[in-house]
Each structure stands twice: as structure tokens, then as C-alpha cells.
Amino acid sequence: MDLDPDDIFRDDEDDPDSEVFQERDSSKEFVVYLIDASPKMFSVTCPAGDQKDETHFHIALDCVSQSLKTQVINRSYDEVAICFFNTREKKNLQDLNGVFVFNVAEREYLDRPTARLIKEFDMIEESFAKNIGSQYGIISGTRENSLYNALWVAQALLRKGSAKTIDKRILLFTNEDDPFGSIKGATKLDMTRTTLQRAKDAEDLGISIELLPLSRPDEEFNVSLFYADLIGLEGEDLAQFIPSAGNKLEDMKDQLRKRMFTKRIVKRITFAIVGGLSIELNTYALIRPTLPGVITWLDSVTNRPLKTERTFICADTGALVQESSKRFHPYKNKNITFSMEELAEIKRVSKGHLRLLGFKPLSCLKDYHNLKPSTFVYPTDEEVIGSTCIFIALHRSMLQLKRFAVAFYGSSSRPQLVALIAQDEIIRSGGQIEPPGMHLIYLPYSDDIRHVEENFLEPNFSTTQATDDQIKKAAAVIKRIDLKDFSVCQFANPTLQRHYSVLQALALEEDEIPEIKDETVPDEEGMARPGVVRALEEFKNSVYGENYNEESDLAGDGKSTDTSRKRKTISENAAKESSNYDWGELADSGKLKDLTVMELKYYLTAHNLPVSGKKEALISRILTHMGK
Amino acid sequence: MARNREALLLLLDVGPSMHSVLPETEKVCSMLVQKKLMYNKYDEVGIVLFGTKETDNDLTKEVGGYQHVVVLRNIKVVDGDLVEVLQELPRGTNDGDFLDAIIIGMDLLIKKYGETNKGKKRLCLITNALCPVKDPYEGTKEDQVTTIAKQMTVHGMKMESIVVRCLTGDSKNRTVQFHFMGLFETRNISPVTIFKGDLEISSKLRIKVRVYKKTSEEKLPTLKKYSDKAPPSDITATHEVKVDYEYKSIEDHGKVVPPDQRIKGYRYGPQIVPISSAEWDAVKFKPEKGVKLLGFTDSSNILRHYYMKDVNIFLAEPGNTRAIAAVSSLARAMKEMNKVAIVRCVWRQGQSNVVVGVLTPNVSEKDNIPDSFYFNVLPFAEDVREFQFPSFSNFPASWQPNEQQQEAADNLVKMLDLTLPGKGEALQPDFTPNPVLQRFYHHLELKSKHPDSAVPPLDETLKKITEPDVELLGKNKSVIDSFRRCFELKENPKIKKSRRLLREKMSGSIDRESNADISAQPLPFERVASLNRNQSCSMISSSHLCKFCQEKNLNGFCQYLVSKDLTLISKIEAIDSEVTDDEARSFLVKSETKVE
């Protein structure tokens, strides 16, 4: 058995496309969540959907909790620490006032997220006032500076590991845009200066500080009051910083979530346009299927992981062989062998990464021209200055002329034609819904397209087509069952949710597995609304006729197919025959074994059980079914 | 011949007017046979040539007539010789009569298999249909076609025709056509049903549908690992490599843990949670099989880049006129209103995952193909990474294109057009073959003769897919030049390592410019592969035969039917140049032209 049949064609060289489905794990991330716990975080609320208002503190906790859950699944090697500031109690290695590092058993302050951490963090709000407490840490008249302390603690936590191999980040949640607003005069200047210096020291150590500001409904978070200096925003960057406006809770959460993840570049590619002009693009995997984690084999006695060893054995001699560098296929009664270099060479059909071939109207891109998830491209001037300008110009022209670009993407695993679709930036309620850039759609070749519909050509001269009345009735249904604000990816994947709720429960040794809600089931209630029912009924009458009975309408206009008819007769017959036996009696007296297999099958068929296996298997199946 | 096998008869026109396209015919036919050798090695193939100098077929001997038709190879199981035969087709000297060739082909199939055979029988005709068809001995041409169609139906044969059209007709100009290859179904894949059951609009309204794959990536054949351990003298050696997996304890070195002592563990953070398959089955998510509508929404709500996978097609249950009408009315209403449907699918009972996807209407342009839906998988919340990117408007002024630059870009996007009027659409996925597959099979064949053959260069015709079209670039030289003049690229002085990269790029640009110079000169091959199928290689149909064969259900992947005489061709030719791309794809166009 070969674990990975595609492995055979994998090149020795770095294969960029294997990342289409799996992101590279090599870049680790250390994150300190720095959450402002001042009374102001509790007093300012944000209107949620169902009358209930949520505090900013709650929103911050919610975002961190979401992020932890994602990390434990997708990037479990990342390490996190959760740290509150402006607290009554203190808990940190430096014993600084107003800073509380939250942690659970069997875990360092900065460590990989565990099931217990997630669980206890989810319950922290109930006991927060009692165990940690909220209290302003910067008060005029004292020289206390909780923000300074918080940065110091966070920086100390991030001391471990090399900044070269690890992304170190501090994510700061606060709704106070002017932390030293209550202080006056020289003290204020002094405190501002020392705090900024502290932040700069952190940056110098390779730690990036990111601000996740929470705006008050009536007043936007003013980043230029203090934080612009702290996080090093100047000029252009400052203009780019989008304060999370948005009055709605969901919007705010959305924006915070987007900002919490670092963008990971899949690859940098060159895009050859025309006449020798090549620009630089970064590619990003914005949409990729998230799969349940891989299976690790364990020793069931010790529960310790096992090492999988793969050995290659020559089928002819039984000798152990090294991983072979040659491949073969029987062809014309011979074995034709290929070296791995030859196979790579066969795939090298184009020079360079991405080459523009021309443009087409958007209508040429059909719904079936798709094979795998798209890749997002965004320009960069880092290496070649002027790239962004060309990209923006083309982007605008393509949007305006409603055209897409066709290009050849010379990847080493599957070189293929791609469509580049320009996507305009979409901003809704202050947040970015779609980033500006282009999406690379992988196009099929003629070899990949099947013409199934032509296999079912109508035997008659022409096929049934809907009448105008039927179309009208269908339109009425469509109008009624309209998902107004449908957004792609509004559903959580119920399989994954279940998977991880099971794992979480098992990891915490809980008895009960929490039920998850399957968001993907149809809205029965909405479907039962009188207007919808009426429209459906009218449509049904229009296409199926007044006296349509679903049960009798089997395949082909009421004619059941041969096989289904046959199956039905068999089961009817079996039920009849089966009723001739007193099965309970036969089972109790152990006389089942005296019956023939044929007779046993009457029972099984009548009860819709499988009829496969030997006689003993049939008997035991019957007994199991009877509960004996 | 078993049910899943195919008997294929290639009817190839090798007359003088076909000589220019014979190299392409050879390539496409040999690739077809090569794929059969790999995937369907028990399929049977025969070759009939027409337009030859000689005459060699049974019917000539039995009843006379049928001149210039040669049965090059009777129907038999595919073998390597066949590839070689197809790569060296003889050049004929006479005009060929394709109706004669069709009759000879049918005769071969009938004689070989009789009426009872269950396998597929396919005739593949490649001709330019330039030579007039002779009048039959009895009756009219129409009668003859009628008889042929009837017989095909009786014997369950399908026919595909490719009519190559070279407008220049000048055999000195090598007409190269990769579309030719894309047109041909070189591999026979029977449709796999993904789902058969109800599309539930509501609990009270169901439509019987079947779901099939519409696109699926055709990969290179899976090759086996080669072992050279067996002595060369051992001719029975398999040379295969077996892979053995052993699960060993990490603490206790070398100790192999038997399968019954192993348990699966799933990672959750730093913990690995052990769970047996039985326990897992008991707790895992188990949705009911079924396809349910969640609702309709504006098509603008589903952006194209959210499509996640290869595409499926939803067809109404064949023969069920009510289901067909139901699908058709929904599809047409959706198209009119610019709506799409969101559905939740569990294809099989016992499947543990749910798929949420979008149905888009596929309103058929053809009379005999019912309306259907395309189905694309949409992402779940977990599948989307919502990164934020800076707005372009926030970039510094130096990064913003000025008016002149924008105009140059507009011109480039407008002029570098792959859908020039009268030339049709170039690089349509439906007609663009995979150059890697073609190259692989070419190399495979070379290696079968000389094991040490080097990888052959990419076929000239296939470079149209991987490289910009020289003709298109040449025609738009001024637009390209002005685009080049408007924009300036320079390396970032702060980054050293890119220096080398950039130098490469610069030298690349010089190459490209010299290319452009060449393209300004008259091309060695004038009209190298017109990008358009309508002009140089087009499918035409006579209204009569077309209608007839629809009645007789002569279905096939491309049911390109053939006109009966020259006058008709020239008329359709004129029509052809105006047809839309969709029409070009619909081969059974009902022609308004009267048959004369």
C-alpha cells in the first residue's frame, strides 16, 4: 500500500503547490494577548443583535477565545500567553502592579494552548471580579503605569526563542485611546516617553506590537492621540490604519478577528506581462479547506505515539532497497522507465512563474471552469519598484472593461492555464469584506472536462423545456425563498465542529460531549410560512400536475425501474414467507441452525438486514436483531 | 467484448487536400491509442483510410464499388504496432468519399460483433469533407444517409466526426491546430454517479436528479517505483518495489507494535487524544443522505473565487419529463432573475461530512439536451482566512498610475484580446489540451523505441498554450511599446539579493524584444494555427442528417455530423463566421440552409 499515490510525481525541488492544501508549519508564532481590564472596558457596551449589550471586555475575551480555538486546531505549535492589565490583583514574574497573567495547570505562562486553557478561559468572566478584579492603573498623583508594566511583562514573556525563526507579537486590546489623559504636565510627558521607549525596546527585540482598538459607539478610537507613536505608525501607514468603526458587535468582532491573524505569504512570484516587463506578486491562500487533523498511531497500552517506518522491498529478490529514483510503467509489453529528472523536465513546459497570454470578457469564464480553490495575488514593491503601479493600472482597466486575464502558471507540480480576476475592494460597515487584488482561478484543460449531459441526449427529437407559466411559477418560488444577506462561509462546518468538540471533551476527560448546532440544515420554519407554501404548491401543480402523488412517481413517469421493482417483489415475498415461522420459538429452542440459509434470509430480508455471510453469521445477526 | 470495453473504428481521410493536417491527425490518433494502452488495454481499434490510391476492403470484393477505401487494420485489441502505424499514415492520391468509409466501417463492426454485443461501438471520422460524395447506385443521398442512421441505431453505434476546414486550402501552409487535439475525446471515461435521488426544494416538493462530475483533473498515469535488483537475465522479473510500513515504539527501540495493539490518536493542541474506530463511529457526526435547498440568493453574493473544487452537474432524471420540466423551469427562472441556489448535500449514507454549495443555471442551447445546474462547493467559515490588505487608494501617489499610464493599461487590456471578432475565442478550456500529458505520451512512445530518448521539446502547436501568441503580440506592437514606455520598473536598491534576479529579468526582456522583431517580419508559417476553430477547423451539419440522427439517438460526445456536398459547406461557412461561441460548441445546429 502506498500512502500517497501522488507522491510519485513529486519533484525533488521545492514544490510550491503542495501548499495549496496544507500551509507550511515551519513558521511558528508566539503571541501575548494583552487585554485592558480597566473599568472603562466594562462600562462601554456595544449593542448585540438580541437586545443584550456586550461590554468591550466581553468582546475582547470572545475574540481571544475564538483565536485560541483556531490555534489549537490549525497551528498548535504556536505559543500563547494571556495577560490582563489594569487589574486589582497582580500575578507576573516581575511582580509588577496592575498586571495579571492568566494560566492553568500543567502549562507555562507562554506555552502551547491546551484544552484546559481554552475551557477555563471561556469561564473567566464569571470569576473575574473575584479573582482578578478591574481597576484603573494610571491615576494622577501616583507614578504607577500599568501600560508600561504590561508591555514589560509581555516583552519578558517573549524573551524565549529566536526572533529569526519565530514571529513574536503582542496583541493589545483596549478602548482607551488616551491612556495618560488624566495625568497632567511633566509627569504625563515623562510617562508617555517611558512607555514609548518600552515599546521601542520591544520592537528592537523583534517583537511587533499590534493594536486592536475598540471604538465607542459615539466616538471613534483616535489612534493619533497616543497609539500611533506606540505602534510606530507614520504618514502612509497611519492613513492605512483602519480604526474599527462599526457600531454593530458582529462587525467589530469580524474586524478584530481579521486583524488577529498574520498574513502568511504562500509564495512570491513574478508575473511576466508584455515586452519584458515582469512585476512581483505575493500569493496568499485565502480559502482552503480545513480538514480534521491527521491521525497519529498510538500504542494502546501506553498511549505513546508510534514511529512509522517505511521500508522498500524489491518484489523480485526480496532485498531491501533505497527509495528508488526511477519510475516505470508497462507499455507495449515493455517496462518503460523514467528518471525523476525526466518527469520533472516533462512538466517544465514554460519559463518563469506566471505569463500573461491575453484578456477575455468575464462572460467567457464559465461556472464549470474550476478545479481547486483559488489563490489571491497582491503586488509588492519590495524587490521590484513599480510593480504595484502596473498592477493597479491593470486592475482598474480589467474592472472597468469587465475582462479577466488569461495566463500560464508554470508550477512544477501542475503547470496550467489560470484566469486572473480583478476584485475591487468591498467595504461594508467600516470593515473590509473583500480585499483589493486579483484571484487566480485554476482552469481545466479539455482533458479534465466531461460531457455528461451529452450522454443523456433525449431519444426524442427535442427535450422537455419549461413553459412560460412554469418559469413564472418557479420565479415566484425563488422570490419567496430568498436568502437576502447570504454570505459565503456563514456556516460553520458541522463535521469539524463535532470532531473538535469530541476531542475537547475527551482531552478534558468530560463525560458528556457538548451538542453542536448544525447550521447547514434548511430553515423549516421559514419554509412553512404560508406565502412560501403557496408558491411551492403552485409551482408543484404547474410542473407535476394537480393529482401528482410522489410515492407513485417512481423513475420514468410512474414506471419503476426493473431493479427497484425486482427488489420490491423480493422483500414482499420475504415478508410473506417470514410470517410463516415462529422466529422467537425457533431462536429460544436453538432450532435456527436447522433452517436452510434460504429460510434464514427470509427473516433478514423482511427486517431489512444484510444477507451476506456464512450461516453462523446469519443466525447471530438474527439473534442480535431479536435482542437475544 | 465485455460491457465496459469499447470498439473504435478510425475513419481517416488521407486524400491530397488532407495532407496538411495529417501530422495533427497522426498525433491525436496515436495519443488516443496510447491512452488506451495505458488505461483500457483490452479495447479494440481498427483503421479505415479513404482517399487512398489503392482499394482494399471486403465490400469491394463482395459487391463492387467502394474505390479508394483501404482497411489499414481490422478491428483488434490495441497494441504498440498500432501507434506506429498511426504515426506514419500513408498520403493518399485520390478524393475520398466519407460515406463509403462510414459504410465500410459499419460493415466491419457488424461482421465482427453482430447485433448482440454489449460493449460500446464508436466510429470516429476525421475529414475535411471537401470532396463530393458520389451518388449512390440506388435512391438518393438522403435515402442512403437514412439507411446508415437506421443501421447505426440498430447496432448501437455512435459516431463522432471532426471536419477540418482550412480556408486557405494551400497545402504549403502548415495549418497547425492544437484545438484539434482538444476536440477529441482521447480517453473514454464512463460517468460516475455521485448522487441519485431527490433534490428537496422543501419537505413537500422534491425533484428527481442525478449528480455527476463535470470536471475532474486528469493526471499523468501513476507510475510504479522501479527496482533494478533483479538480474538482467531474469525476463520474468516484475521490477516492482513493495512498500512496507512498520509501527515501532519510540521508547523501546525496534519493537514492532502489532496492529491490534495500535489505536488512532487525534491531535488537540499538545495532547494526542486516543480514540478507537468503534468509539469514533459512535460519536462522530452522521448526517442523513440527501440534497436540500437552503434558499436562493443574488448571483452577485457568490463571488467566483469562492468555488472550492472540481465541478459537478445536476441533471434531472433521464426520461422523467416532470423532473426535467421542474429543473428547466427553475434554471430558466434563475437565469432570468440572476439568482443562484444554495444547497446542502450529503451524497451518500454514512458519509460524515456535509457539503454546502451553489447551483448555477446551465440553460441548454441545444434542443435535445435538457437544462441542468452546475454545482460548485462553497467554503465553510473555517476555510476562509480573512486577512486585511491595504486599500490601493491609501498607497503613496508614486504608486498610483497617472492618466497616461492608465490609458496605456486600458489599451493593453482591450487590444491583447483573445476573443477577436471573427476569430472566435482562443484558449477555451473546453478545447485546450494539457500540454504535459501530450508531452508525456510522446516521450513514452519515444522511449518504447529507444529507452534512452531524451525528453522531447514541447510540440510547437502546444506552445500556443504556454506562451503568448506571437501573432497577437506582433499585431499590437504599438500598444505594447507604449505600455512599456509608460511604466518603469527598477530594482529596490535596499535589497541586494534580488540583483541577480533582476539581471536575469533584464536579459529576458532583451530576448523578448528580439522576438518581437521577428514577429514583425513575415512569419515562416503564415497563419500558424489560426486561433479560431470556426475558420480553420469547424463542425458543420446538414439539417437533414442532423435531424435524422437526433431522431435516431446517435449520440456521442461530439456528434459532429457531416455535410453531404460542397455547396452546402460553403454556405455554412459563411454562417460559421458569425456564430457565437456557444453556438460553435453546439454541433447540432439546425441550419436554415436548404439542401440542394
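The side chains of B:Glu217 and A:Arg414 meet in a salt bridge, with 3.5 Å from N to O. This pair belongs to a predicted model, in which 9 salt bridges are found across the interface of chain B and chain A. The two chains bury about 21,500 Å² between them.

**Interface of chain B and chain A**

- In this interface, 219 residues of chain B are in contact with 219 residues of chain A.
- Three residues, B:Tyr268, B:Gln388 and B:Phe389, supply 4% of the area that chain B buries against chain A, which is more than any other three residues.
- Of the area buried between chain B and chain A, 61% is on carbon and sulfur atoms.
- Polar contacts between chain B and chain A number 77 residue pairs, counting pairs with both residues at pLDDT 80 or more.
- Helix α8 of chain B, residues 321-337, gives 14 residues to the side of chain B that touches chain A, the most of any element there.

**A sheet with strands from both chains**

- A:Phe312 has A:Val321, in β12(A), as its bridge partner.

**Domains of chain A**

- Chain A is divided into domain 1 (25-262), domain 2 (266-290 + 351-448), domain 3 (312-346), domain 4 (521-551) and domain 5 (559-626).
- Between domain 2 and domain 3 of chain A, the C-alpha centres lie 38 Å apart.

**Annotated regions**

- In chain B, an unreviewed UniProt entry places the feature "domain: Ku" at residues 254-395.
- Residues 254-395 of chain B are 17% helix and 33% strand, and the end C-alpha atoms of this span are 60 Å apart.
- In chain A, the UniProt annotation "domain: SAP", also from an unreviewed entry, covers residues 592-626.
- Residues 592-626 of chain A are 63% helix and 0% strand, and the end C-alpha atoms of this span lie 13 Å apart.

Notes:
Residues are numbered from 1 along each chain as its sequence is written. Chains are lettered from A and ligands numbered from 1 in the order in which they are written. This is a predicted model: local features need pLDDT of at least 70, side-chain atom pairs count only at pLDDT 80 or more; totals for chains, interfaces and linings use all residues. Side-chain values use heavy atoms; hydrogens and water are left out. UniProt positions are given in the numbering used here, feature names are shortened, and annotations may be inferred rather than shown by experiment. Helices (H or I, at least four residues) and strands (E, at least two) are DSSP runs, numbered from the N terminus. Two strands pair if DSSP finds at least two bridges between them. Domain bounds come from an automatic or database domain assignment. Contact means heavy atoms within 4.5 Å. Buried area is the accessible area (1.4 Å probe) that two parts lose on being put together, summed over both. A salt bridge is a side-chain nitrogen of Lys or Arg within 4 Å of a carboxyl oxygen of Asp or Glu. A polar contact is a pair of N or O atoms within 3.5 Å; within protein, one must be able to donate a hydrogen and the other to accept it, and residues adjacent in sequence count only if both atoms are side-chain atoms.
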